[in-house]
Amino acid sequence: MNIDIQPIMESDFEELVSLFLEFATFEKLPEKMTNSVGQMLKEKNYFHGFVARDKDGSIIGYATYFFAYYTWTGKSLYMDDLYVRQAYRGKGIGTLLINKVIAYAKKECCNGLRWQVSEWNHPAIKFYKGLGATINEVERNCDLLF
């Protein structure tokens, strides 16, 4: 399978919004997805990541990230999403995407990479543990939306 991993571009926003909704639906929270192309254009300086494209150029997966600073460990990269369309799972695309994010974090001299995984998503948990990640069973997300 010929997969191309590239940085996200503005021209990807429209296609990505549909994948964001697909991911939110997979997470059983479609009502939480309120982002739009217009919002992404206004906030583009805060939006970074990589897309995976198939041989036809369609986006079949993505990983998004931002820089964070943790008082205990310092500069880190936070991977907000890693998503691969269902038909393409199990073909190494998630591995290509996360390895691209890991390489970027190392290039930027980050001390680590952090992300979340839903406790019910056992295939993802197994995948992340296989990468050597430690999954914290103690902390919970706190969201305060405006």
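# Notebook: salt bridges, sheet and cysteines

**Entry 1. Glutamate 22 and arginine 85.** I began with glutamate 22, which counts as partly exposed because its relative accessible area is 26%. The model I am reading is a predicted one. I then looked for the partner of this side chain and found that glutamate 22 and arginine 85 meet in a salt bridge, with 3.0 Å from N to O. The two residues belong to distant parts of the chain: glutamate 22 is in helix α1, whereas arginine 85 is in the loop between β4 and α3 (93-107), and 63 residues separate them. I also noted that arginine 85 is partly exposed, at a relative accessible area of 24%.

**Entry 2. Other salt bridges.** How many salt bridges does the structure hold? I recorded five. One of them joins lysine 44 to glutamate 10, where the closest N and O atoms are 2.9 Å apart. I located lysine 44 in the loop between α2 (37-42) and β2, and glutamate 10 in the loop between β1 and α1 (13-26); the pair therefore ties together parts that are 34 residues apart in sequence. Lysine 44 has 35% relative accessibility and so counts as partly exposed. Glutamate 10 is also partly exposed, at 41% relative accessibility.

I looked up a further pair, lysine 107 and glutamate 108, whose side chains meet in a salt bridge of 3.2 Å, N to O. Here I found lysine 107 to be exposed, with 59% relative accessibility. Glutamate 108 is partly exposed, with 23%.

**Entry 3. Aspartate 81, a charged residue without a salt bridge.** I next turned to aspartate 81, which lies in strand β4 (residues 74-84). Is aspartate 81 buried or exposed? I found that aspartate 81 is buried and that it has no salt bridge. The nearest side chain of opposite charge is that of arginine 89, 12 Å away. A salt bridge needs the nitrogen and the carboxyl oxygen within 4 Å. What does the side chain of aspartate 81 make a polar contact with? I recorded the side chain of tyrosine 62 as the partner, at 3.3 Å. With neighbours within four places in sequence left aside, the contacts of aspartate 81 are Phe23, Tyr62, Ala63 and Thr64.

**Entry 4. The sheet.** I traced an open sheet of five strands, in the order β1-β2-β3-β4-β5, with mixed pairing. Its edge strands are β1 and β5 (113-114), each of which pairs on one side only. As background, I reminded myself that strands of a sheet pair through backbone hydrogen bonds, in a parallel or an antiparallel sense.

I then followed strand β2 (residues 48-53) in detail. Five of its six residues are buried, and β2 is therefore largely enclosed by the rest of the structure. Strand β1 (residues 4-7) pairs with β2 in the antiparallel sense, over four bridges. Strand β3 (residues 59-70) also runs antiparallel to β2, and six bridges join these two strands.

Arginine 53 stands opposite isoleucine 59 in β3. Between β2 and β3 there are five residues, and the two strands form a hairpin. In the turn, glycine 57 has a positive phi of about 90°.

**Entry 5. Methionine 33.** I found methionine 33 in the loop between α1 and α2. Methionine 33 counts as partly exposed because its relative accessibility is 21%, and the limit for a buried residue is under 20%. Leaving aside neighbours within four places in sequence, I listed Val17, Phe20, Leu21 and Ala24 as its contacts. I also looked up the separation of methionine 33 and asparagine 136: they are 103 residues apart in sequence and 25 Å apart in space, C-alpha to C-alpha.

**Entry 6. The cysteines.** The cut-off for a disulfide is within 2.5 Å. By this rule I counted zero disulfides. The two cysteines also have their own accessibility values. Cysteine 109 counts as exposed, at 60% relative accessibility, whereas cysteine 110 counts as buried, at 14%.

Conventions: Residues are numbered from 1 along each chain as its sequence is written. This is a predicted model: local features need pLDDT of at least 70, side-chain atom pairs count only at pLDDT 80 or more; totals for chains, interfaces and linings use all residues. Side-chain values use heavy atoms; hydrogens and water are left out. Buried means under 20% relative accessible area, exposed over 50%, partly exposed in between (1.4 Å probe, protein chains only). Lys and Arg count as positive and Asp and Glu as negative; His and the chain ends are not counted. A polar contact is a pair of N or O atoms within 3.5 Å; within protein, one must be able to donate a hydrogen and the other to accept it, and residues adjacent in sequence count only if both atoms are side-chain atoms. Contact means heavy atoms within 4.5 Å. Two strands pair if DSSP finds at least two bridges between them.
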